[in-house]
Structures are given as structure tokens and as C-alpha cells.
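I wanted notes on how this chain is put together. I looked up its overall size, its sheets, its helix contacts and its backbone exceptions.

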Amino acid sequence: MEFDRRVQVRRYGSPSGRPGFASGYLVGPRLVLTTGHLGDVQGVTVSRPDAGDEEHAAVVRWRRHDERADAALLEIAPDRGWSPPASMARSQTRPSQRWGRLIGPRPYAVTVMGFPRMQKDPAAGRLDEQLTAEIAPGSGSLAHRYELYATAPTLAAPPGPAGATPWAGMSGAAVLAAAPDGALLCGVVRRDREAAGGTRLTATPAAALLADPDFTAVVSEHTGWPPLLEPAEPAPLLAPAARQLDLRSPAMLLRAEAEAVSFHGRERELAELAEWCLDDSAPFAVQVLTGPGGQGKTRLSRHLAERLRRQGWVTGHVLGSLHDGAAPPELSRLDSTLPRLLVVDYAETRPHTVRRLVDHLRTARHHTRLLLLARADGEWRTDALGADAAVRDLLHTATVTPLPPLIPRSTPPRERAADFARAAADFARHLDLLPHLSGRPEQGWPALAGTLRAPGPLTDPRYDSVLTLQMTALTALLQQGTAPVGTAVREPVEATVLSHEQHYWEDTATTPAHRLGGMRTSTLSRAVAVAAACGAATADEAEATAQKIPGLPPEQALPVAEWLHSLYPPPADSYWGSLEPDRVAEYLASAVLAGPSTLVRLLTGASPQQQGRLLTVLVRAALAHYNAQRYEEHERTLLGLDAALGQCPLDAGALRTVTASLPYRTSPTAGLALRLTTALARTLEKRAAADTDAYEPEYATALSNLGVRLSDVGRTEEALAATERAVEIRTRLATADPAAYERDLAESLHKHGILLGALGRRAEALTACERAVEIRRRLAAADPSEHDPELASSLSMLSFRLSAADREGEAVAVAEEAVEIQRRLAAADPAAHEEGLGRLLNNQAVQLSRAGRAAEALAATERAVEIRTRLAKADSAVHERGLARTLSNFSDGLAAAGRWPEAVRAAERAVEIRRRLAAADPALHEAGLARMLFNLSGCLRAAGLPERALDVLDEVAEVCGRLAGRSPAEFAGRLRDVLERQAAVLTELRMSDRAERARARLAALDVPEGTGGFENAP
């Protein structure tokens, strides 16, 4: 609340001849909010309380005086003697005034600042009064007003007109609620109710004012900002609703909160989200919106929030400062009888905060929606992490919606060209707001934008990302200005953005405030990367972290820490802000910080929050490199991380944060995920040994996840040991408390059954899968919406185990039941369940093929290929592994139908994907590559191309030989299949000597009893 905005309002020309008096509050540089009962007259003046007799003429721009509202807006006439208050000096970068409303059921403290009659001094005139009061939402609500209560003593007023009370003149005073980034104006004082004891004033709520379009139009005209109604009580928990236009550099134009590019499109996604919000089937619901960085998740959620806000909803984005390492917030501030939408960005990095929110909101009796934004789905959502059963179930069954590209490649190229032109025009209008930007063209940025052309074809897959398209438009503008930067051939657009951003770093570093002019640009770049990747909560932590910046002399740590503090606006709980958007910061961090020695230096002695943040930033960078097909940078980043983690132990909290945020079974980060998950499991094993009740449930979860990660890299026997221990612990827990742990037990049994089957222990695998299905079928019978997805998954896996036991009829029936459940789920919510449908259709096709129903198998696989191809285009890192498997099965179906050329092409596509994955990570992908190669060899042989088939078999024999040497129980049977086919093809080609050697190798092969080949591998 700002004292320099208080003003006194006088009205002249009343019939009594005595001037009327009221309090007022500046909501714009020349715009005053005051009472409406002064009357609609021309003789109105505004004066500052400390300006003596100086008064400034004003005119009424808006006025209302009825049973719902008593307020007016006065425009101060142009006057050389008037100057806007100092507190409005930055009105270009943020609203002059924030507006609020009370949303909760409990009394709430507010402040009123005005000039009541009781403060009238014969010598000094009207003196000021700051009243602290409470608003009880249940009082006066039927009359659509606030009632303010205070117990402070009231002074006797000097003699005055009949009916004048001590509080006369307080009408028009602003009712303000404290907030971290500027007080919220919640109302304007109307009158004194003349309470017998204490004080009781009435006020017109700001909500009534903002509901009038004429009022908002006048405020917008004077301030340049549309007034937005924000919730008062949860203000410390929510980000300000207005655009963030504290723009200092080119990259800041790309932040979602800046909204520099006008919002368009996404009609279908907005309609679906709005329908979810308005659905009356449950008071509380959770949805997860996923997508790579720069896909538009935050911008879409801001637009949804604004749309619902206009319909009377309470909406807000939970502050990033509410992370898992922070003190638990006072969530009762969120309580309301109004419909609510809360958005949590970066949900994967703060899973415990998400669970606290779900736990608090789940008992809401009024419409409440929680929208979680994340790069990818993962353990952050599905693991227990200490939450109770109700919270886990809500998160486990939450709809997960991948956000598709804004303009898919399937749309005509002119649509992307139009999007490029729109972004360039919008950026051009903002570039002159940047104080440090050089390079302005003579004709101005908007004129340049009108002639700008894209630097190349926009049909390239990288432009599926709306952020990439917008970065390209921005850099194309800057490059056509008078200060272009040097670029390399096919340089990523992130690098070009950073080259322009360096001018801002250099300009600010050389100012008298910092005097860092002798510092090299490369050192400044590393400093910015450290601030973005590590962060710093306090000035002391910032200085200590700056000491670790490579190449920075120790005596410059403090000046650089202070420079970084001024560079980008820091959030409320942090000393350093960060370069944004995230993708640019991640690109920079991977370029200058991913060396093992640098990472060890930064991780050592860092806080758990800093360790978790640094690793998360670099993992995201690695995935972004992979999705952009920058495979060398991807591998370099992961190798640096892996080497550093081998030398520097991490805090358990950091391990929890990073492992929970990793995407499910994402091939490009599987090795790193294994290292992190192993470290977490070992830490929790020690803690569970010391305190079983407190840590054993979390230890079981870590073991279950460790089994998945070990399996992903081909270490199946170790994976089995981990899941066996998890099953043992969870069986004991579920026996003692079925409601809390039976679902977890089913999950472990499901994973354990898969691993037993892979190792040829067929009977045990079948038993484990049957137990998982039995539990999940019982749970689904009680609550289908919550447990049907898991039941479908276990049924599908059970079909493989039944097939391995030669029970083909049952296998087909179970696979069909699984697909039917999943098809029903996908029909109701395609975004959440289509990926699962693709997977289960693929599995069903395998069973149909084994049962001799080739035509049905082919149809199922074709549909699975269609689904998985579309998903892999949107996010290759997550989905291309599954696509390769489905393509391989599709080739089998095409071959069975005699469509050999198509079969060969499908098998070659599968091998192409797996070969690329195996080149980057052999341990993870060699087994899958062997399967794809084996299938390709069969297609080539059947297509009459035995020479090519032999080349492929030679390769797969070498791969399977290595795999069988490491794990005979899992791979000896597959090597047997390869050698048998190799001998047969050699015989067909009349290469007798080689055929004989292949048969001799086959005869010498020791295949453990019960070991299956490619046929029974899921």
C-alpha cells in the first residue's frame, strides 16, 4: 500500500455553499478512485495531503451511486503542477494498481487509508488515518457489500454539519489487502454505520466495480492495463495475474508471462479444458498437461485462467517458490466457496508440494480443479512419496493430456508462415521497450517486420514447437536490424538468441554500478548459466555459488553475484532470477557447465535444492538435444552428468526430486535414471534399516522403480532381485493394511511377472501376473474409473504369460478384454489413454497372430502403428521406442499376408529407430535391436532376398552372442533362434561350410531349460 497515492477530493457548488469532502486513491497517474455520492457536479478538485492549499481540477469519468456500488473515477486535468506519484514510475512494466476480492469464509485483515473528520486539525487541515480492520465475508454479503470491523478507539470529531460522524470524509478511501507484489485494492469505503462500540464501515467491493465494462474501460485507458480481479487471501501463494512486462533483454520477450505474442489457436484444447473445469460429476479433479519445453503449456493455462476469471472463477498459478524444499505453505488461504482453478507449473519438480495441494483440496465441497503442467509424465505423479491412499489414487487416476503442436506438420505451410509473420509483428511492437537493445533499423521495427521473411522452410519438424517458431521470428528481426550477430551454419536458434542476449550482459556488466568491464563474455555466460541452473536463495548463498563459477577470480565473486541479482527479476524467495525461457537457459547450461569437473565443483557443498535444480536443468537439456536430433550434444551432456555423479554423492532430497521428475522409461536418459534411482534406493535402504515404519514404504517404491530402470538397460536378473524384494515388503504391508498398500502390491507383482517371464521362469511369471490381475480386478470392480487402466495393463501382460504356457485361447481372450477396457477409456479421454491403447493393440496383435488369426492381428497392429507414429512425432524421446516395437510386429503381420515389400519397409523403419537408439546407448537398446534385426531377416528371406537376410543375421548373431554371454538365462534362447535361421539361409544359398559351422555352434550352445526365444519375449 502506497502513501503517495492518497488524495483528498473536494466538491464545490453544492446548495449549502459548503465544499463537500471525501478521500480518494490514485489508481493511475491521473486517475482517482473515490466515492460516488459526492454528486455528478463539475466543480471537483484533487489535492495531495501534504501540498498545502494546492488543488487540481478534475472531471468525473465514471460514477455510480446505487444499492450495489458507490464509487467514482476522477480524471485530473492536465496541469503543470501535477506529477504522478513515485510509486507509479514503472507503470509501463506492471499495472499501476492490482485489484482483489475476498474469496474465503474467514475474517480477513485489510487496511484503509483516508482523511476522516475526526482527524481534522484547525491548523493543519485534514490529517491522515490508517485503519486496520477485518472484513467478515458473511456480513453484508446479501447486500453485496463489505462490512469492515475495527476495535481501535475512535476520536471525537470537531463540531460539524448535522449527521456528520467522526468517520465523515473517509468515504472514497481505498480498502487494501496486503500482497507480496503490491497491495490488492479490494474495495472503496462507502459509509459509517455508527456502531455503538468500535468502528463499522461499509465498502463497495472491487468486484462490483470491475463487473462494469465502462469502469474497466476508463482504468485501461489511463493505465494501459486491463484491471484484473485477483484473490486476496491466497496472494502469497499465487503469481500476479497480469502480464510480466519488466522487459530488459530480447530473451525476456519469449517468456510465457510476457505474452508478447498474441494468443491464438488452441480452440479444441481450450474447449476440452473448459469442459473439464465445468463438469459437475465431482467437486474436485486433477488433470496433467504434458509437453516438451516451448510447446505452449504455460501460455494455454494462462489463457484458460483468464477466461474462467471473467466468468467469476478464482484462478491462479501457484508460485514457483512453493517448492519441495520450502516450508509448507498455509494452504487454508486457498479455501473458498467460489469455483477455483489452480495451476501448478513444473509439477514434476515439486511432487511433494503437489501432494500437499491435492490433500488439502480433495475434500472441497465447491467446484475445484487442479491443473498440473509438466514436461512429461513420470514417477512424480504415480509414486506414493509418503502421501495417503486417497491422494495417491487421485494422482494415479488423473487424466494425463499430451499437448500437441500448435500448428502440426499436416497443416498447409501457409499457416506456419502466417504464424511466423504474426509473431514477428508482435515482437516488433515490443522491441522499443527494451532499454539496452541496440540495432534499431532506420524505418523502425514494425516496418521491418512487415517485410520480413522466414530464414528457411517452416515445414521442418523443429517448428512443431511454437517456441522454436517464435524464437526464429525474433532472431530474424534482430538479424535484419543494424546489429546482427555472427551465426554458424545450421546453428540452433537457441544459440542465436544467446548471442543477442550477450549484448545485454555486456552492457549491464560495464555500468558504474557493477564495473565488470574487463570480464570476458565467456565468463559472463558461465555466470548466467550458473544462476539459471543452480539458483541462490540468499545473498550469502549467491556469493558462495559464484565462487564456483569456472574462470572467475575469487575476489570478483561478490560483484558478479550482485550483477546477477540485477540481471533478471528474481522471484520472491530467491536472490537470483534466471534467464528465460527455460529452453534457452537449459541450452546455455549444457553448453558451458556439462563438463564433469565443473559439475563436481557446482554440486559439492550445494544445497539439496541447488543440486536437484542443476541436475533437472541438465537432464531437460539432454532430452531437448535428443528431440532436436542434436545427438552429440545429448551424449556429451549425459556423459558429463554420469561422470560427475560417480564422484559426488547427492543429498537424499535432491535424489528424490530428480528421480521423480524423470520421464517414464525414456530411452535417452535411461542410464542416468538408473544411476540416480540406485543411489536413492541405497539411501532409503539405510534409513529403513534404522526406522522401518517411517521409510520402508518409500524404500519399496524405490526398489520397484529400480527394477524398471535395471530392466531398461538389460540387467534383468538384477532387476528381478529388486522387484522380488519390493514384492516381499509390499506383501507384508498390504497384509497389515490392504486399503493403503494393496494397489502398490499389484504394481510390484505386475513388474515382477514381466521380469520372471523374460528370464524364462514361466510358471512363476504366470502366478505373479495372475495375482496382479486378481487384485486389480477386485479394485476395478469397486471403482472402475480409478483402476481400469491398471487392470487393462495387467490383463495384457497376463496374455503373454498364458501364451507362453500354450494356453492360446485364454491368451487371446484376455488380450481382447484388455483392449476393450482400454478402447473404452481412450474413447472417453483420448489424450490420456490413446498411448495405452496403442501399446495394448500391439500386444493383442501378437496373441492373435500366435493363434492363427492373421487378418485381425494385422488390423490391430496397423491401428497401433497409426497411434504411436503420431505420438512419436510429438515427442520422439518418449514414444519412438514403442513405435519401433510396433513397426516390427506390423512387418510380421504384413509378411503373413504376403505383402512382402511393405513388410520389409516396416521392418527397416523399426531397425532404423533401434539402430540409432543402440548407437547412443548399447546397454539399453541392443536387445531391442536384436529383435528388430531378427524380424527383418525373416521378412527379407520370405521376400526372396536371402543374401540381404544373411547380412542381417550375421549382425544379429554377433549382438545376441554378446547378450547371451552377459545373461544366458535371458538371451541364449534368442541366440539359438538366430543360429537356426542362419544355418537354414546358408543352406539355401548353398554355402555348406558356413552352414556347417553355424550348426556346430548351435549344437555347442548351452540353453538353460525353459529359456524362451524371440517368440515368447514380450
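My entries follow, from the whole chain down to single residues.

**Basis.** I am working from a predicted model, in which local features need pLDDT of at least 70 and side-chain atom pairs count only at pLDDT 80 or more, while totals for chains, interfaces and linings use all residues. Residues are numbered from 1 along each chain as its sequence is written, and side-chain values use heavy atoms, with hydrogens and water left out.

**Whole chain.** I looked up the secondary structure and found 34 helices and 21 strands. These are DSSP runs numbered from the N terminus: helices are H or I with at least four residues, strands are E with at least two. Along the principal axes, the C-alpha atoms fill a box of roughly 120 × 65 × 55 Å.

**Barrel.** I traced six strands that close into a barrel in the order β1-β2-β3-β6-β5-β4, with antiparallel pairing. Two strands pair if DSSP finds at least two bridges between them. From one strand to the next the twist averages 40 degrees; axes are lines fitted to C-alpha atoms, for helices over the stretch in contact, and angles run from 0 to 180 degrees between N-to-C directions. Helix α2 (residues 213–223) packs on this sheet and touches β2, β3, β5 and β6; contact means heavy atoms within 4.5 Å. The direction of α2 makes about 150 degrees with that of β5. I also looked at β1 (residues 6–11) and β2 (residues 20–28), which run antiparallel and are joined by six bridges. Val-9 has Ala-22 in β2 as its bridge partner.

**Open sheet.** I found five strands in the order β18-β19-β20-β17-β21, paired in parallel. The edge strands, each pairing on one side only, are β18 (314–317) and β21 (399–402). Ignoring direction, neighbouring strands here are turned by 15 degrees against each other on average. β18 pairs with β19 (residues 340–344) over four bridges, and His-317 stands opposite Val-343 in β19. Helix α3 (residues 267–278) packs on the sheet, touching β17, β19 and β20, and its direction makes about 140 degrees with that of β20.

**Helix pair α11 and α15.** I looked up how α11 (residues 493–509) packs on α15: the angle is about 90 degrees and the axes are 10 Å apart. The two are therefore roughly perpendicular, a class that covers 65 to 115 degrees, with angles under 35 roughly parallel, over 145 roughly antiparallel and the rest oblique. Among the contact residues are Trp-505 of α11 and Tyr-587 of α15.

**Helix pair α17 and α19.** The axes of α17 (residues 608–627) and α19 (residues 652–661) come within 8 Å and cross at roughly 25 degrees. That makes α17 roughly parallel to α19. I noted Pro-608 and Leu-615 among the α17 residues that meet α19, where Ala-654 is one of the partners.

**Backbone.** Most residues other than glycine have a negative phi, and most peptide bonds are trans. I found a cis bond joining Glu-580 and Pro-581, with omega about 0 degrees. Pro-581 lies in the loop between α14 (557–567) and α15 (582–592). His-144 is not a glycine but has a positive phi of about 60 degrees; I place His-144 in the loop between β11 (129–135) and β12 (146–150).
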